[in-house]
Amino acid sequence: MQAPQIPAGEPHQDEYFGRVETYRNALTVNVPGEAHGATTTLKVRYQGCADAGICYPPQTRTLTVALPAAAAADEPVVAFGSNSARGS
């Protein structure tokens, strides 16, 4: 499997974590590769923080994702954030 393609976020210097990148509202990550089945399992780790410096505890989710039949699909298979109304 190739490395996920994560777009650059907004750089931020955090008092406790040092240099971090932040993403607001939604994030799309491409995971290149060839499908070898109808589904795959992804382990996603994330943490949400407010501008005031208060953060939620880190979260880890394991997702079983149905893969598209054709590799030409442009829509994200799993969406997080405010644009996720299309499906998850």
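Which residue in β2 is the bridge partner of His12? I will answer that in a moment. First, a caution: what you see above is a predicted model.

Let me start with the whole chain. The protein chain has 88 residues, and 7% of them are buried. Its accessible surface comes to about 7,500 Å², and carbon and sulfur atoms account for 52% of that. As for secondary structure, there are 6 strands and 0 helices. Reading along the sequence, you get β-β-β-β-β-β. On contacts, take those between residues at least 6 apart in sequence: 35% of them join residues at least 24 apart.

Now to the opening question. The partner of His12 in β2 is Val20. That pair belongs to the pairing of β1 with β2. Strand β1 covers residues 10-14, runs antiparallel to β2, and is joined to β2 by 5 bridges.

Next, go past the end of β2. Strand β2 is residues 18-22 and β3 is residues 26-27, and Tyr23 sits in the loop between them. Is Tyr23 buried, exposed or partly exposed? Its relative accessible area is 33%. Buried would need a value under 20%, and exposed a value over 50%, so Tyr23 counts as partly exposed.

Tyr23 also takes part in a feature of the surface. Together with Ile6, Val29 and Val31, Tyr23 makes a nonpolar surface patch of about 320 Å².

Key:
Residues numbered from 1 in each chain as written. Predicted model: local features only at pLDDT ≥ 70, side-chain atom pairs only at ≥ 80, totals over all residues. Heavy atoms only, no water. Patch = residues over 30% accessible without salt bridge, like charges linked within 9 Å, V, L, I, M, F, W, Y side chains within 5 Å. Areas by Shrake-Rupley, 256 points an atom, 1.4 Å probe, with all protein chains shown as cover. Salt bridge = Lys/Arg side-chain N within 4 Å of Asp/Glu carboxyl O. Helix = DSSP H or I, 4+ residues; strand = E, 2+ residues; numbered from the N terminus. Buried < 20%, exposed > 50% of the residue type's maximum accessible area, 1.4 Å probe, protein only. Pairing = 2+ DSSP bridges. Contact = heavy atoms within 4.5 Å.
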